[in-house]
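Here is my note on the model. Please keep the structure open while you read the points.

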Amino acid sequence: DNAGELIIILISLAAGTLFHIPMAITAIQILAIDVIAEMFTITALGWDKAQHKLMQDMPRKLSDHIINRKAVREFIVFGLLSAALAYGNYLFFFARQGLSPMYIDTSSPVYAQATILTYLTLVLCQFMNLLLVRSDNHEKFFTSYLWSNKKLLAAFGLSFIAILNIIYNPLVQPYFNAGPLSGIDWLTAAAAAAVYLAIRLTKRHTRKFSRHNVIQLHHQVHGHASPARI
């Protein structure tokens, strides 16, 4: 989840140096992603009995490392995907307003709206990631299993209440450099999250399809699997 935050900072620093475009997200907004937006959902997922049972049924091999090539590759690829979608939404916000993001006043309401839109887009992408973790070992994503954890659903509700307070509560907005978003802004953030989910599901389907073909080919070459020797 933190990969998208890290990469969007790097993209913003590069864009600021080359094109004088201010940071797409502020430090306090990044903190709000981890501490406010995701705190309830990650806690609920951590107490998910089904996930605990899954981990017990699939113990980690001693030869596996916590940091391996696959983990690093997914960290970079999925982080880059969410960061690119969020930063694209940041630039698209200015385009929709008929403004250039170059040399924009960082104390202006428009900048506050643009950065909080970046925040919202990252949060929604990370929510999609949490749902993918929840349904990782199921053939289909949209099943009743996905919504079977009532605590997780309640956690998403609490998270959205916190997010709405950050975006619209005039007493909270100044602390997060936030500005109110329009319905169009929410639609663009949701569209970015939908693209993120679609790409992730396509990759997962391809991975499972490839694995199925390898197993099927193995059975064709070697016949039915023989009983394990004791």
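Is His 20 buried, partly exposed or exposed?

1. This is a predicted model. In it, His 20 is partly exposed, with a relative accessible area of 39%. That value falls between the cut-offs of 20% for buried and 50% for exposed.

2. Look at the backbone of His 20 next. Its phi is near 60 degrees, which is a positive value in a residue other than glycine. Most residues other than glycine have a negative phi. His 20 sits in the loop between helix H1 (2-19) and helix H2 (27-37).

3. Tyr 103 also deserves a check. Its phi is positive, about 60 degrees, although Tyr 103 is not a glycine. Tyr 103 is placed in the loop between helix H5 (69-96) and H6. Tyr 103 is exposed, at a relative accessible area of 61%.

4. Now the helix pair. How do H6 and H7 run relative to each other? The axes of helix H6 (residues 109-134) and helix H7 (residues 150-168) cross at roughly 175 degrees and come within 12 Å. Angles over 145 degrees count as roughly antiparallel, and H6 and H7 are therefore roughly antiparallel to each other.

5. Which residues make this contact? From H6 come Ile 116, Tyr 119, Leu 120, Val 123, Leu 124, Phe 127, Leu 131 and Arg 134. H7 supplies Leu 152, Phe 156, Ser 159, Phe 160, Ile 163, Ile 166 and Ile 167. Sorted by class, the contact of H6 with H7 has 13 nonpolar residues, one polar and one charged.

Methods
Residues are numbered from 1 along each chain as its sequence is written. This is a predicted model: local features need pLDDT of at least 70, side-chain atom pairs count only at pLDDT 80 or more; totals for chains, interfaces and linings use all residues. Side-chain values use heavy atoms; hydrogens and water are left out. Axes are lines fitted to C-alpha atoms, for helices over the stretch in contact, and angles run from 0 to 180 degrees between N-to-C directions. Helices (H or I, at least four residues) and strands (E, at least two) are DSSP runs, numbered from the N terminus. Angles under 35 degrees count as roughly parallel, over 145 as roughly antiparallel, 65 to 115 as roughly perpendicular and the rest as oblique. Contact means heavy atoms within 4.5 Å. Ala, Val, Leu, Ile, Met, Phe, Trp, Tyr, Cys and Pro count as nonpolar, Asp, Glu, Lys and Arg as charged, and the others, Gly among them, as polar. Buried means under 20% relative accessible area, exposed over 50%, partly exposed in between (1.4 Å probe, protein chains only).
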